[in-house]
Amino acid sequence: MKNQILFALALCGIAFNVNAQKIKGSETVLPISEKAAQVFMKTNSDNKVTVTGGGSGVGLAALIEGTTDIAQASRKIKFSEKQKLQESGKTVKEVTIALDALAVIINPSNKVTKLTKEQLEGIFTGKITNWKEVGGEDLKIIPYSRETSSGTYEFFKEHVLSNKNYMSGIMSMPANGSIIQSVSQTKGAIAYVGLAYLNSSVQAVSVSFNKGKTYTAPSVENTKNKTYPVVRPLFYYYLAQSENKVKKYIDFILSPAGQKIVEEVGYINIK
Amino acid sequence: MNKKHSQFVAFLIFKLLGIIVVLILFSILGFIIINGVRVINWEFLSKFPGEGMTTGGIFPAIVGTLYLTIGSLLFAFPLGVMSALYTQEYAGKGWIVKTIRMMTNNLASVPSIVFGLFGMSLFVNKLNFGDSLLAGSLTLGLLALPVIIRTTEEALKAVPDTYRAASLALGATKLQTISKVVLPAAMPNIITGLILSIGRVSGETAPILFTVAAYFLPHLPSGVFDQAMALPYHLYVLATSGTDIEASRPMAYGTALVLILIVLTMNLLATFIRRKLEKKRSK
Amino acid sequence: MQKKKIIRRILDKTTEYLLTFSGAITGIAIVFITIFLFTEGAALFKSPEVEQGYELYVHAQNPINTLSPAETKKIFDSEITNWKDIGGKDGEIKIFRIDDAFSVYPEDELGENYALLPQKLGELIAQDENILAFLPKQYAPIGSSVKALVSHNIQPSDYFLGKEWMPTATPVPFFGVMPLVLGTLLVSIVALIIALPLGLGVAIYLSELASEKQRRLLKPVIELLAGIPSVVYGFFGLVVLVPAIQKSLHLPVGETAFTGSLLLAIMALPTIISVAEDALRNTPRAMREASLAMGATQWQTIYRVVVPYAKSGISAAVVLGIGRAIGETMAVMMVTGNAAVMPHSIFQSVRTIPATIAAELGEAPAGGPHYQALFLLGCILFVFTMIISISAEIISKKKNYKPH
């Protein structure tokens, strides 16, 4: 009896699910998807978009397991993830939906305003532990990082730490919001977030990737004129097999209306 | 120091302790209530969230929690009550029953995140339900199961054996005895257990983290394979995610208050029923 | 009449079977959960140390045959840069990753589905005696001058005694649970140390000193507080406790083990108070009266007679409190900073087992070593709570055997 009920319920579930798109993954991309889903649903009320966070790794793992339709990611798909998809006979498609300047943030009371790539590497791998070593006051450096599921965590490791591992025992925050909060409360803190999460409660430092010749602050202009060194694309990944299901939504996010949302949220459009 | 003095000092310390602890507990409650009350209005309860979770309301999260609670108990309540009936009324005192009882006691103390771990790998991945109301309800149901079994067993134990003997002596079958005599007598206690587990299930976050919870839905779930928002997860999201954490803070206070109200109402209701029952029995 | 009786009997039997069936289902489900957890977890020890699906390759002339996980990590973190530091020939280690291949060869030179990749990689390795290549097995380099380093499976001692938890480190992930286990125990035990005297004090106050009216008002209210969801406590901790502790104790960070302990203590208080109070009130009236009649003051009666009598009940309260603390996930995750490091101070960030599972489960590919390592963490939690609930049972049973 109970099985029958479940079965019946399951049937209605399937029937209703035809136009549902599940988007899962990066916390960095979350604001875009949230807003886009809202606007998209207004004109396409038969399409049901579901947005879930967790981190790029979570989204891509779900894509491999087949429990999401679109994986949102703030890093490129890893070779091993691609391999897993290939093994199960699936081909993945990648769409760049926006650009983001990865900002390094510190407490507003901190006098340090600029850091080189080498200094950042030293700080996050645990070689530099005091702000006075990089021109600040005598204060312990408290690096905050994201959880390992974060695409930002992986991107930062690859491009700023030259693939070295983070210092062991780094503080790991589950989401960008708590990073901002912790950095705004902690004097010696340093962390990294996507451009959309920057606000006045924290201070973004200018970074130099040419050994201190030029320092650039993270901003929309500096990303557009290509002077900011840590710029990354934000992606949607989906399976070629389910292209029909997600096409309408993907087209929307790439349309002028969708790209306007990208800008409103605080990222850089891809045009 | 003489006896009287040491007694005076000790009692003073205990009184102070009592006052401090009660104050701490109430200040937490008060903090949430004061900050939350400002936010709660009809719009907050009936609208979808908007603008990066800083405006609008928490309607889909309320509905999601409602669905999850109903779904989980739809599965756990009948199974739990029937299992308890079996162990109490039918099974003897053999090792099987003893093992089951030990296992349920154990299961009751297993941390909720372990249920999440199990639910995600079995329901979401192996059985391919995906992140869905079905997977979430089953996971929460497993969590509620031992609670329901235990309270039902206690309720059945509380029914005096003379009732059963009298009924059987009058020629009633065992089924009749159970359905007409034992169950009605035990019902209020069983219902109390049900209400308590509603309170527990609606406040759990860890088991739904990987089985059903969605960050944002611009629509309500329409089938058991849909994801849903839920109040506890929504509070977690409001507290840790969001592009403007300061702006979404009021929403978080409001959500916390709604969550507390639901849970406390359930617990109060259970206490109320139990009290009524105790009075009735002592008459 | 006869017919009715038969129907009734059939109904009776059916019900019995149905109930037996559901009892069996429950039993099976519980056993199944346990077995499921442990089999998934145990599979970890069949996984290789090197990241799943990958292997390390060197030039055939290289005398090194195997690298320990620690050595591998140091090499890839550029802490070891010369082969002679680990017993090889003098020469700077040149690290090569699969992504580097795509910068050496354009994709169209690699053929369809990278069919030519293994051969090209073989050529690359042949050119450089000092190379250390980290490559997927699927594209294992071909050639006579290629040597794969011997990789061991993860050992139980690496897991249970390991001091580093870096589950996504490449090329060698570290699954050492010591920091997590110690972090969990530290947070829970400190929480108990804070909560126990407070809880016991309140319990004594409620059961011995408070008027009946006060008790009847306070006890249910305190019990109600036990039902507040942990995420609400976590939110409170995040907003109030973390900044308050940082400011009042002048700590560099507010997210510490102590913050978690304090929050857990607050959460465990209602349970401890309620159970301990029940135990104290169960002391027979005759014993109190005997003590008072012999001239003892009320205070002497409490700490010489009532508390010793209720000892097992109080112990049960302690055990239940610690049980709740060990498994707590959300609240702890929100306030302790989650740094996976061996704890040496309570004013330092720690990562607990439940928080680790909650933070990492979503990204761990099903069936991979990381996933299995998280399941083993679940097993450790399961065993912890089992020990706790069994000892609680034994403690509360002991009381029944007392001759009083």
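Author: What follows is a set of questions about a predicted model, each answered by setting a value against its cut-off.

Reader: What makes B:T173 partly exposed?

Author: B:T173 has 18 other C-beta atoms within 10 Å. Buried needs 20 or more, and exposed needs 12 or fewer. The count for B:T173 lies in between, so this residue is called partly exposed.

Reader: Where in chain B does B:T173 lie, and which residues does B:T173 touch?

Author: B:T173 is in the loop between α7 (161-169) and α8 (174-203) of chain B. Leaving aside residues up to four places away in sequence, B:T173 touches C:R8 and C:D12. To count as touching, C-beta atoms must lie within 7 Å.

Reader: How many residues of chain C are in contact with chain B, and which helix of chain C gives the most?

Author: On the chain C side there are 65 residues, in contact with 69 residues of chain B. Helix α1 (residues 2-42) of chain C gives the most to that side, with 19 residues. By class, the side of chain C that touches chain B has 43 nonpolar, 18 polar and 4 charged residues.

Reader: Why is chain C called more spread out than a compact globule?

Author: For 404 residues the globule rule gives 22 Å, whereas the radius of gyration of chain C is 30 Å. The value is well over the rule, so chain C is more spread out than a compact globule. The C-alpha atoms of chain C fill a box of roughly 95 × 80 × 40 Å along the principal axes. Chain C has 15 helices and 6 strands, and 49% of its 404 residues count as buried.

Reader: What makes β8 and β10 of chain A edge strands?

Author: Each of them, β8 (171-173) and β10 (203-204) of chain A, pairs on one side only. They belong to an open sheet of 5 strands in chain A, in the order β8-β7-β9-β5-β10, with mixed pairing.

Reader: How do you know that β5 and β10 of chain A pair?

Author: Pairing needs at least two bridges. Strand β5 (residues 103-106) of chain A is joined to β10(A) by 2 bridges, so the two strands pair, and they run antiparallel. In β10(A), A:A204 is the bridge partner of A:I105.

Reader: Where in chain A does pLDDT stay under 50?

Author: That happens over residues 5-17 of chain A, for which the model has 13 contacts beyond four places in sequence. Chain A averages a pLDDT of 87, and 93% of the residues score at least 70.

Notes: Residues numbered from 1 in each chain as written. Chains lettered and ligands numbered in written order. Predicted model: local features only at pLDDT ≥ 70, side-chain atom pairs only at ≥ 80, totals over all residues. Contact = placed C-beta atoms within 7 Å. Helix = DSSP H or I, 4+ residues; strand = E, 2+ residues; numbered from the N terminus. Nonpolar A, V, L, I, M, F, W, Y, C, P; charged D, E, K, R; others polar. Rg over C-alpha atoms; globule rule 2.2 N^0.38 Å. pLDDT = per-residue confidence, 0-100.
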